[in-house]
Amino acid sequence: MDESHLREIYNAADQGHVFAYYETLNAADRTSFLQQLASIAVANVCDLFRLSTTTTAESDATTASSSTDATSIQPFVGSNVGSYSDLVLSKRCSEIGLQAIGRGEVAALVLAGGQGTRLGFDGPKGMYDIGLPSHKSLFQLIVERLIKLKKLASSAVGESYEECSLPFYIMTSPINHEATKTFFSEHNFFGYGQDNVVFFMQGMLPCFTPEGKFIMETPSKVAMAPDGNGGIYPSLKTSGALDDMNHRGVKYLHVFSIDNALAKPADPIFLGFCIEKKAECGNKSTWKSHAHEKVGVVALRDNRPCVVEYSEISHEMAERTDDATGRLVFGAGNICNHFYTMEFLRDKVLPQMNNLFHVANKKIPYYNDEDKATVTPGTNNGIKLETFIFDVFPLVEQQRFAVWEVQRSEEFAPVKNAPGSSSDSPDTARAMITNLSKEWLRAAGAQISPDGDNNNTNNNACEISPLLSYAGEDLEHYSGQTIQGPFHLVPPA
């Protein structure tokens, strides 16, 4: 698209100021600048800004005039809430899920747009090694779980491994897309096959002044920001990933975050529960460890599913317990682990996307004409438009939404903080994998030698390869054995 045409488009959208420094740019900067401008759907983005700022103002007014009591927020309860503790239900749902996977109806998707900066790692977080004996990255752990799961599912339906389709989608970001693709290519896609792995990028949107003008980061660059993890939905569409899923015959999508070292991709139990309940959307949850844990919880607002932030519920609501079980009624903690039907994404989510963006007031670096330099402000000076992945929950009727509770020690090992941190660190995740590996062996009838059961330092870490066991199965041959730790158990050659 040439300069004159772009000027017409941007002037029509009242964003012609972006060309203020154009005459001062060299040829290379002009080319890259015009390429960026051509990539922005300027009229649509400006409409989105107007809609989002209006919606936010209306939402703030509504919030100010209402209270967060039992009349506006209710716990999500009923038959569409299931738990790992129900072993009969878990077994039945696992069979349903394995059948769906075996028929090629399931895809797994990991949100992997983040960098490992907080971990002291210069690269995509999925490439990070948490210090297991195998030194496998988070990406490799996920892929090997998928490989094992495909074997279980193909066996469940009497098909060969090669005939079983379980595609893996990876949502990256502009800062790590190429590095992630290169990493997979260099490692031969960890044995999963290039055709089974699809990469697509999270979207970016221009940053605005409060008056609705694009902010210039430099004379040749509009300031841009990610559109939030809810940007997965439009990105699925614009990238062609959604069409790819439809072409493969996918009916159900499991989405989870890269920063959980215990994530079970395409978890057949979770999938099976949602399928059995005919859910359009589902959320995997860990129950809050205490009433005031700072985590969002699945609840109902105006009889619609939602995630309620801990700051939105009163002290009394946070501590309210069920008379029969004694458990917190507002306890279903959100761990960014979701189920969707393809019909729900296509027919309800995508048509409503423009109504789901929020205004986020931020400190946005901008080009200062007086200093002739990019300046980072000390206070909020602009607006980013973003949406959260759970913003689509209210689009589902209560009876078409499912919540599956999992045990924290088995399925939620966040990797967010630097090594040495007391929580949500590589050390705590490694300790959880170590403990779970030992539990699996004990359940299979093995014993752990006392020397291997002392602590969970890096040197004493234990690991069962995902290629050997997805969730504790296929370990019977260790029955009666005493396992010396630390250990790394792999499939027989």
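Student: Is the crossing of H7 and H11 left-handed or right-handed?

Tutor: The crossing of H7 and H11 is left-handed. That term means the near helix is turned anticlockwise from the far one by less than a right angle; clockwise would be right-handed. This is a predicted model, where local features need pLDDT of at least 70, side-chain atom pairs count only at pLDDT 80 or more, and totals for chains, interfaces and linings use all residues. Residues are numbered from 1 along each chain as its sequence is written, and side-chain values use heavy atoms, without hydrogens and water.

Now the pair itself. H7 covers residues 232–239 and H11 covers residues 342–352. They pack at an angle of about 115 degrees, with axes 10 Å apart. Axes are lines fitted to C-alpha atoms over the stretch in contact, and angles run from 0 to 180 degrees between N-to-C directions. From H7, Tyr233, Pro234, Leu236 and Lys237 make the contact (heavy atoms within 4.5 Å). Leu345, Val349 and Leu350 come from H11. By class, the contact has six nonpolar residues, no polar ones and one charged. Nonpolar covers Ala, Val, Leu, Ile, Met, Phe, Trp, Tyr, Cys and Pro; charged covers Asp, Glu, Lys and Arg; the others, Gly among them, are polar.

Step back to the chain. The C-alpha trace spans about 80 × 55 × 45 Å along its principal axes.

Terms used
Helices (H or I, at least four residues) and strands (E, at least two) are DSSP runs, numbered from the N terminus.
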